[in-house]
Amino acid sequence: MKRFLLAGCAVAALAYGVGSANAADVPNGKFQILMGGDAFFQAGAVSQDRSSDQRVTEFNNRFRLVITPQAKADNGITYGARLRIRAAGLNAAPNTPNSAVDHDRAFLFAEGKFGRVEAGGVNSPNDQAYAVGMTGHPMDFQALAIYDAWQLFTRNDQRANTLNNTAAGAGVVDGLAFSQWTGGASTVGYQLPVAANAGTRVNYFTPRFSGFQATFSYLPRTDSNAVDVTRGSIVTNATPFSSNFQDVYEIGANYTNTFNGWKVQGGVAYVGGDASKGVSSATNLNKFHDLSAVQAGMNVSYSGFTLGGGYLYMGKSGYTKAPYIDRTGTTKAATAAGNVTTKLSDQQSWNVGVQYATGSQANAGTVVAGVKFASYQDAGNLAVAGKRTTDAVTFGAMYTIAPGFLGGMEGTFYENKSDRAKAAAFSPSDSGSVWLLRSAVVF
């Protein structure tokens with residue numbers, strides 16, 4: 001079949017949205033190939049209380065290319081596939097240069113009056129629905145809606161990862177269940193667990209009725225993607241937490257509509273799944289709490305202003321069920337305090353923010369400025385009662401230099417508090433500020 005090559009700023013929808021091009025623009029029986037993507041560069045400067053042998057400044061960048069071949073059948077169904085290629089991933093481990101090229105989307109889709117079906121390596125409907133208020137606060141004032149970039153710059157590479165609480169060469173010294181799912185380094189994060197991860201799953205989006213849309217998703221195993229086939233029910237896991245789940249399902253609904261100049265966007269979703277058993281020794285299988293989490297958020301916009309907020313609750317999902325786990329992950333005898341899970345703080349986060357835009361961010365000369373507050377909580381050290389929290393205030397602005405070319409700045413003041421003693425060699429209790437100069441191209 002004859003193929004057409006299309007490119008343009010509308011590819012912002014390809015990078016972040018759930019839909020394909022307008023069905024009216026797709027020729028019947030002929031594939032067209034849409035290409036686009038985005039790139040960013042940012043310079044960071046950090047002031048950090050608990051810092052040892054650390055630089056103040058650092059750069060990082062990322063490039064993504066989205067390729068979408070699609071066609072339209074005689075019965076009106078639009079079908080195709082999508083591939084998103086990444087160069088220099090954002091979340092490389094400390095002291096590990098990441099120049100690899102990989103992909104985080106590779107799936108088939110079909111869309112028609114029945115709704116939309118996606119199958120393959122793709123994120124969940126909840127992650128895709130953040131554009132309609134699921135995550136909470138508005139994010140246009142942050143380059144490419146990267147809401148957690150500041151967290152990456154707080155890593156203490158030489159002595160400890162202050163937010164992840166990982167000592168060099170010592171494994172997990174304080175528990176952290178969800179940072180590896182959400183892509184950030186915070187205690188919890190903004191999105192439902194495994195939502196942002198591209199696993200081999202099936203997604204379904206209903207047609208939108210009066211602004212409402214329902215979503216469903218099924219993922220057999222969180223650590224299986226692409227051509228991999230993993231049928232085992234046990235994973236190698238010697239830590240107090242598990243991020244590996246099986247038979248993960250998600251049920252959600254979102255809403256978007258406009259009334260007399262007011263725009264309302266929001267959503268709610270639930271995700272559940274069975275925790276995999278972890279091999280903690282040659283003879284012992286660690287058991288973990290199953291995955292059970294809910295998220296809700298809403299944005300309201302009028303005359304350039306947008307106010308929004310969100311809440312995420314994950315309870316004890318992924319926590320160990322062992323009688324007692326010390327901070328090195330070793331199973332110990334039960335204590336007088338009883339099962340350790342009776343004294344663990346639940347995992348949850350919330351956020352609220354406001355922004356103002358002088359116009360459409362796609363138009364040259366537009367300024368979008370905003371501020372947000374976010375708070376995260378989890379159990380921290382599983383060997384003692386208490387919790388670990390992160391509170392952060394972020395403000396910033398983005399300016400559209402030309403269509404598809406953005407520049408701006410962002411500042412964040414944060415404070416981490418932990419149930420570990422501050423005198424500990426790798427105490428995660430910390431505070432400081434992160435300043436970012438950011439530029440981005442969307443094509």
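User: By class, how many nonpolar, polar and charged residues does the lining of the largest cavity have?

Analyst: In this predicted model, the lining of the largest cavity includes Pro193, Val194, Arg201, Ser217 and Glu250. Sorted by class, this lining has seven nonpolar, two polar and two charged residues.

User: Which element gives the largest share of the lining of the largest cavity?

Analyst: The search of the whole structure finds two cavities of 30 Å³ or more, and the largest has a volume of about 40 Å³. Two or more lining residues come from each of strand E11 (212–221) and strand E13 (245–259). The largest share, three residues, is given by E13.

User: Is threonine 306 buried or exposed?

Analyst: Threonine 306 belongs to strand E18 (residues 305–315). Its relative accessibility is 11%, and the cut-off for a buried residue is under 20%. Threonine 306 therefore counts as buried.

User: With which side chain does the side chain of threonine 306 make a polar contact?

Analyst: Leaving aside neighbours within four places in sequence, threonine 306 is in contact with residues including Pro138, Asn299, Ser301 and Gln355. At 2.8 Å, the side chain of threonine 306 makes a polar contact with the side chain of serine 301.

Definitions and conventions:
Residues are numbered from 1 along each chain as its sequence is written. This is a predicted model: local features need pLDDT of at least 70, side-chain atom pairs count only at pLDDT 80 or more; totals for chains, interfaces and linings use all residues. Side-chain values use heavy atoms; hydrogens and water are left out. Helices (H or I, at least four residues) and strands (E, at least two) are DSSP runs, numbered from the N terminus. Buried means under 20% relative accessible area, exposed over 50%, partly exposed in between (1.4 Å probe, protein chains only). A polar contact is a pair of N or O atoms within 3.5 Å; within protein, one must be able to donate a hydrogen and the other to accept it, and residues adjacent in sequence count only if both atoms are side-chain atoms. Contact means heavy atoms within 4.5 Å. On a 1 Å grid over the protein atoms alone, a cavity is a set of points where a 1.4 Å probe fits but cannot get out, and a pocket is an open set with protein on both sides within 12 Å along at least five of seven lines; lining residues have an atom within 4 Å of a point. Grid points are joined across faces, edges and corners, and a volume is the space filled by probe spheres set on the points. Ala, Val, Leu, Ile, Met, Phe, Trp, Tyr, Cys and Pro count as nonpolar, Asp, Glu, Lys and Arg as charged, and the others, Gly among them, as polar.
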